[in-house]
Amino acid sequence: DGQLVAVLTSGLASDDVTERKSSLAALRHCLGAAAADSSPWIQFIAMYNSLEDFAAHLVGAAWVHLETLHPAAETEKAGLGIETMGAEAAAREGARTQVWEWEAPLDYGYVMAMWTRGLRHSNPAVRQTT
């Protein structure tokens with residue numbers, strides 16, 4: 001349900017630690033034991049939990065989990081190296097692009113909540129690497 005996702009992701013992105021913990025507990029409850037143990041959710045929860053740590057090296061080590069939850073953003077444009085562009089824009093430009101289908105393993109709102117937490121982290125070193 002889109003409304004439930006919006007409420008949960010808003011809570012996960014909150015600056016209030018109690019709201020974040022409540023939203024994570026609600027998410028785990030909604031997922032149930034079976035879904036919470038599936039790979040995308042394990043990756044998300046591991047990454048999200050690391051964002052509660054102050055130590056930048058612990059958070060940095062967990063960023064690898066984001067790769068499984070985030071789509072690749074770059075395409076190669078013929079002769080110009082790497083450039084971010086949509087498939088339609090690339091076709092108009094006559095660019096050679098690699099088109100692939102990527103299906104998000106979970107609602108992208110959860111990934112955005114992680115980015116928000118990283119950008120609002122209390123440790124400046126974490127904010128800098130986000």
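Axes are lines fitted to C-alpha atoms, for helices over the stretch in contact, and angles between N-to-C directions run from 0 to 180 degrees. Helices (H or I, at least four residues) and strands (E, at least two) are DSSP runs, numbered from the N terminus.

The model is predicted: local features need pLDDT of at least 70, side-chain atom pairs count only at pLDDT 80 or more, and totals for chains, interfaces and linings use all residues. Residues are numbered from 1 along each chain as its sequence is written, and side-chain values use heavy atoms, with hydrogens and water left out.

**Exercise 1. Describe the protein as a whole: how many helices and strands are there, and in what pattern along the sequence?**

Step 1. The secondary structure comprises seven helices and two strands.
Step 2. Along the sequence these follow the pattern α-α-α-α-β-β-α-α-α.
Step 3. Of the 130 residues, 32% are buried; buried means under 20% relative accessible area, exposed over 50%, and partly exposed in between (1.4 Å probe, protein chains only).
Step 4. A contact is defined by heavy atoms within 4.5 Å. Among contacts with a separation of 6 or more, 56% are between residues 24 or more positions apart.

**Exercise 2. Characterise the packing of H1 against H6: what is the crossing angle, and which residues meet?**

Step 1. Helix H1 covers residues 2-12; its axis and that of H6 come within 8 Å and cross at roughly 15 degrees.
Step 2. Angles under 35 degrees count as roughly parallel, over 145 as roughly antiparallel, 65 to 115 as roughly perpendicular and the rest as oblique. H1 and H6 are therefore roughly parallel to each other.
Step 3. A crossing is left-handed if the near helix is turned anticlockwise from the far one by less than a right angle, and right-handed if clockwise. H1 and H6 cross in the right-handed sense.
Step 4. On the H1 side the meeting residues are Val5, Leu8, Thr9 and Leu12, and on the H6 side Gly109, Tyr110, Ala113 and Arg117.

**Exercise 3. Repeat the analysis for H3 and H6: is the crossing left-handed or right-handed?**

Step 1. The axes of H3 and H6 are 10 Å apart, at an angle of about 15 degrees.
Step 2. This pair is therefore roughly parallel as well: H3 and H6.
Step 3. The crossing of H3 past H6 is left-handed.
Step 4. H3 supplies Trp41, Phe44, Met47 and Tyr48, which meet Tyr110, Met114 and Arg117 of H6.

**Exercise 4. Are Arg20 and Arg117 buried or exposed? List their surroundings.**

Step 1. Arg20 lies in H2 (residues 17-36), and Arg117 in H6.
Step 2. The relative accessibility of Arg20 is 7%, so Arg20 is buried; Arg117, at 6%, is buried too.
Step 3. Beyond four places in sequence, the contacts of Arg20 are Gly11, Leu12, Ser14, Asp15, Tyr48, Glu52 and Arg117.
Step 4. With the same exclusion, Arg117 touches Leu12, Ala13, Ser14, Asp15, Arg20, Tyr48 and Leu51.
Step 5. The side chains of Arg20 and Glu52 make a polar contact of 2.8 Å. A polar contact is a pair of N or O atoms within 3.5 Å; within protein, one must be able to donate a hydrogen and the other to accept it, and residues adjacent in sequence count only if both atoms are side-chain atoms.
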